[in-house]
Amino acid sequence: MPMDVSGEALAGPAPTRMLEALAYNLRWSWRPRTMDLFRELDEAMWEETRHNPVALIRRMEPSPLEAALADAELGRRVREEWDDLQAYLGAADTWFDEHAPGAARPLTAYFSAEYALTECLSIYSGGLGVLAGDHLKSASDLGVPLVALGLLYREGYFRQTVTGSGDQVESYERLDADALPLRLECREDGEPVTVAIAFPGRQVFVRIWRAAVGRVPLFLLDTDHPGNSVADRRITARLYGGDKDMRIQQEIVLGVGAFRALHELGIRPATYHMNEGHSAFLGLEHVRHLVHQGVPFEQAVEDVADRNIFTTHTPVPAGHDRFTRERMAQYFTVFAREMDLPLPRLLNLGLEPDDGDDAPFSMTVLALRLSRYHNGVSKLHGAVSRKMMRGLWPDVEVDDVPIGYITNGVHLPTWIAPSVQQVLDRELGADWRRQGGSRESWSRIRHIDPDALWRMRNDARRSLVEHVRERLVAQVRRRGGTPAQLERAGEVLDPDILTIVFARRFATYKRATLLLHDRARLDRLLNHEERPVQILFAGKAHPRDEPGKDLIRQIVRLVRQPRFRNRIVFVENYDLDIARSLVHGADVWLNNPRRPHEASGTSGMKAAVNGALNVSVLDGWWDEAWQEAVQNGDRIGWSVGEGLEPQDVGGEAALDVIDAHDLFRTLEEEVVPLFYQRDHGRPTAWLEMAATAVATLAPAFSAHRMVRQYTERYYLPAASPTTASPSATTPPAGSR
């Protein structure tokens, strides 16, 4: 398989060549020692480039760079990190090597519309991208044979600024691919590898860029090709931008184009994993490919399904992509004709049995029809998905609908603070990085020195406050603030008081303003004379989500009131950089969606493994974490509500009132008193709960555990269809 993920071959041992090799492999994004090298070369430029080592090296003049690398100590560290990278890439004793010895190493192709790997590569919007990025990193650490595919959004997702009145303003910055940790895939003659896709009345040409994510190559498709029209060059311009026509074009590039790209690159996966339905057109292209080889259409559908895995992330019907039949006809009439197939027969793959003549084509239904393995992303979400999609299996009981679950996880080396990682290395050894560690090894954290843990928690909170102050000062400066406003921005928050964080996408179901239901009560909570509390908010609303934007306005306008000015902060432009600070420094991670609308959620996992305590509605991952903790007698945080859903209490408004009251009660009577209950200057009971949360949640909700389960349950069985699980099945086709 012609894939080199280490970067260009080195001509010699020169430190500059080693540094460049380190820059082009994104393993640096989860290895603090490598990041420290780049930061020390020029800290100001490291921040200015948004932590982009390729741009950093290119912007530094040769003489200062060579002078810096001439330092014996720095040169030694560069060599040490380069040697470590080579050993990592060449290791033959990974988890996969140990658990699939002698296997043919079947390759899985992983498709996702977004990836969050590092803040300088802004091709992500939120949780789906973070999950995909963590999946690749853990697959790399575990040695799982994986190749990933996505889109290179030249303008990425939007940068958020917030006006003084709370209005969200979106802006876009064009990515310079040549100054990113990416390499253009070229043929031996130096010409870029290109694939062509038939669009109505024209061909669209696509180039391929490669990012090395440790051992995993990530190929990103780009329509900014000189052979395309101005409009077609913008197909991959913005993540989740444009109208329905732009959306179907992007999903055709992601599905059809990426499948063709693999063949152009000489890569033949054994299995295909669709991370959400955006890439489901890959199944149609795979079917077309087999039909052209002489396989009958129905048999081709079965053969493709045997090798496909589909993960759904959306627990509400409105979140699933659908296209009118007219739009599908516009783009797939020729496609169907190439298979000598009536278009309605092709469209039937995306329709439910009871759909009427005007029902739209569903990407989720297509993904389910063209896959044998299907899963939700938490235990509760699996149950919700079975209920939602039961119409595809009309002859089985809802509990027998073949949609299972693999709960999401987080890549621990990416999200655990470096200071905490040092403690884990000392207490657990290197196995927690390599394979995730066992529950038995993680149990040692329960007995960690409380004084040391308290020092770490205080240091992390202070670092968070400093980081937020810096960003607030920058925000005020961009808005032309006065010297007095700049001074106030630099003094907000208190590094020594209980800090609650709410940071996530500002969709209405996540209820960012639940604590604003009773502002007098909120005032008393935050400004208590002996037990003060502060809250940090961060998150973006989709550009077309006006109700979500209004939630931001409510918070920002509340901040302007004197009673709340130093106790509530909204941090704009939520990205991976501020996310790390927030999960490192939070004391409490707040999550209060309307159940059961949170498919999984991973931000609370990231906070928990750093010693924060979750206060959360019983939804997504927290529902199963909480149930297991109760069963085992472990105290890991707090639940809000009693697992109620809107239909249980007469609607969403009634549920919001009930949950807001219980949230206030939990904070006032349990959370805040426990934090301020001190023994020898430290909150001993609080720290015991935090240590228990780390010990129990880190192994259970790590991405290493998640990827191991995908490999054992889906990737390996799908690579050998004759040994597939008997529960794996596709929905029966309709009668059209």
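Modeller: Happy to. One definition to begin with: helices and strands here are DSSP runs, numbered from the N terminus. Also keep in mind that this is a predicted model.

Colleague: What does His 467 touch, leaving aside its neighbours within four places in sequence?

Modeller: With those neighbours set aside, His 467 is in contact with Asp 577, Ile 578 and Ser 581.

Colleague: Thanks! Zooming out, how many helices and strands are in the chain?

Modeller: The chain has 31 helices and 20 strands. Its radius of gyration is 26 Å, close to the 27 Å that the globule rule gives for 736 residues, so the chain is as compact as a globular protein of that length. Along the principal axes, the C-alpha trace spans about 75 × 70 × 55 Å.

Colleague: What share of the residues count as buried?

Modeller: That would be 61% of the 736 residues. As for contacts with a separation of 6 or more, 74% of them come from residues 24 or more positions apart.

Colleague: Let's switch to the sheet. What is the strand order in the open sheet of six?

Modeller: The order is E17-E16-E15-E18-E19-E20, and the pairing is parallel. Strand E17 (568–571) and strand E20 (637–640) are the edge strands, each pairing on one side only. From one strand to the next, the twist averages 20 degrees.

Colleague: How many bridges join E16 to E17?

Modeller: Four bridges do, with E16 made up of residues 533–538. Ile 535, for example, has Ile 568 in E17 as its bridge partner.

Colleague: Which helices lie across those strands?

Modeller: Helix H24 (residues 546–559) lies across E16 and E17, at about 135 degrees to E17. Helix H30 (residues 684–700) lies across E15, E18, E19 and E20, at about 75 degrees to E19.

Terms used:
Residues numbered from 1 in each chain as written. Predicted model: local features only at pLDDT ≥ 70, side-chain atom pairs only at ≥ 80, totals over all residues. Heavy atoms only, no water. Pairing = 2+ DSSP bridges. Helix = DSSP H or I, 4+ residues; strand = E, 2+ residues; numbered from the N terminus. Axes fitted to C-alpha atoms, helices over the stretch in contact; angles between N-to-C directions. Contact = heavy atoms within 4.5 Å. Rg over C-alpha atoms; globule rule 2.2 N^0.38 Å. Buried < 20%, exposed > 50% of the residue type's maximum accessible area, 1.4 Å probe, protein only.
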